[in-house]
Amino acid sequence: MLIARTLERVGLRQADRSPGARSPTGAVTEDSENLAVAILAALHGGATLSWLADDRDSLEAALDIALAPVMVLQRPDAPRGRRSD
Amino acid sequence: MNENSDESPAVRLTARGVRTRARIVTAAAELMYVQGIGGTTLDDVIVASGASKSQFYRHFDDKHALVRAVVAQVGEDTIIRETNMLGNVSTLAGLRRWRDALVKANALRHGMYGCPLGSLANEVSDHDALARSMLEELFGTWQRLLNEALDRMKDTGVLAESADTTRLAVGFLASLQGGYLLAQTARDVEPMATAIDVALSHLESLTVQSRAAS
């Protein structure tokens with residue numbers, strides 16, 4: 001829940017910045033719920049694998065993948081480029 | 001077999017011993033899957049396996065030894081299953097079928113008990129370095145199977161050349177394991193499906209086709 005709301009704030013800020021974007025609130029909300037689940041899963045699963053290997057790489061790799069959609073949002077050019085295609 | 005050979009009784013005893021041991025390990029694996037390692041006593045295992053106490057202690061010194069035998073058995077089953085499911089995967093559709101099979105299998109139990117191997121990993125004691133290193137190796141093998149499937153996707157031109165398949169394999173395994181845990185908490189397989197789907201859509205964004213379109 002906390003993660004989902006945080007993602008919405010990030011997503012909505014991105015949408016506000018993006019010129020010509022149709023109100024993405026619905027889509028962002030739906031995505032943020034799914035992404036929050038994925039991030040939580042990556043945290044849990046990554047922590048288990050990192051604990052087994054005694055190495056933080058697994059947790060980092062897991063979070064990198066789960067956070068990838070958020071990182072795309074943070075790239076100001078990415079959504080614009082996709083929309084104009 | 002050979003009636004007057006000195007070896008005969010020993011061979012028979014060994015064969016029976018092997019069967020008894022396997023029965024104990026199977027019973028222990030089932031109990032630990034449902035009740036957890038902590039919630040399973042040696043008495044539970046002895047009763048469930050139908051072995052006598054002396055038979056039990058002939059094969060296992062203590063609970064640590066039993067847990068290691070369970071890790072080895074569950075690990076072997078998992079790796080055989082994953083080798084069958086991932087061994088020929090070289091497309092996104094193939095990886096989705098792998099996802100569907102795992103989600104469907106877990107949905108049968110409403111996700112209640114999680115991944116048999118993952119549950120052991122989450123419960124094995126910090127003090128049992130041997131069990132931990134066995135689990136590390138098993139998860140390493142599982143990760144390698146995923147890595148090889150992703151490499152085949154790269155070889156066939158599905159995945160972009162720049163995709164880091166080693167990190168992706170770790171990420172997939174972590175999403176899967178975390179998904180199992182969330183499904184267990186929710187008693188619903190949905191979070192597990194969602195976690196793998198998000199990883200799959202990330203993978204989709206790394207396909208040559210998607211790269212060309214963006």
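pLDDT is the predictor's confidence in each residue, from 0 to 100. Keep that in mind, since what you see here is a predicted model.

Chain A to begin with. Its mean pLDDT is 70, and 59% of its residues reach 70 or more. Where in chain A is confidence lowest, and where is it highest? The lowest is helix α4 of chain A, residues 77-84, with a mean of 45. The highest is helix α3 of chain A, residues 57-74, at 84. Two stretches of chain A deserve a flag. Across residues 12-30 of chain A, pLDDT is below 50. Leaving out near neighbours in sequence, that stretch makes 14 contacts in the model. Residues 78-85 of chain A are also below 50. They have 10 contacts beyond near neighbours in sequence. Where pLDDT is low, the predicted coordinates should not be read in detail.

Now chain B. Here the mean pLDDT is 91, and 93% of the residues reach 70 or more. Residues 1-11 of chain B fall below 50, with 3 contacts in the model beyond near neighbours in sequence.

Next, a check on a helix. Take α7 of chain B, residues 129-155. It has 27 residues. At 1.5 Å a residue, the helix should span 39 Å. Its end C-alpha atoms are 38 Å apart, so the two figures agree. After α7(B) comes B:Gly157, with a positive phi near 85°.

Last topic: the second largest pocket. Its volume is about 270 Å³. The lining counts 17 residues. Nearest the centre are B:Ala29, B:Tyr33, B:Val74, B:Asp77 and B:Pro116. By class, the lining has 8 nonpolar, 5 polar and 4 charged residues.

Which helices of chain B each supply at least two residues of that lining? They are α1 (7-35), α4 (63-86) and α6 (116-123). The biggest share comes from α4(B), which gives 6 residues.

And why does the pocket lie between domain 1 and domain 2 of chain B? Because domain 1 (1-60) and domain 2 (62-213) both give residues to its lining.

To take away: for chain A, watch residues 12-30 and 78-85, where pLDDT is below 50. For chain B, the mean is 91, but residues 1-11 are below 50.

Technical notes: Residues numbered from 1 in each chain as written. Chains lettered and ligands numbered in written order. Predicted model: local features only at pLDDT ≥ 70, side-chain atom pairs only at ≥ 80, totals over all residues. Heavy atoms only, no water. Helix = DSSP H or I, 4+ residues; strand = E, 2+ residues; numbered from the N terminus. Expected span 1.5 Å × (residues − 1). 1 Å grid on protein atoms, 1.4 Å probe; cavity = no way out; pocket = protein on both sides within 12 Å on 5 of 7 lines; lining within 4 Å. Points joined across faces, edges and corners; volume = space filled by probe spheres on them. Nonpolar A, V, L, I, M, F, W, Y, C, P; charged D, E, K, R; others polar. Domains from an automatic or database assignment. Contact = heavy atoms within 4.5 Å.
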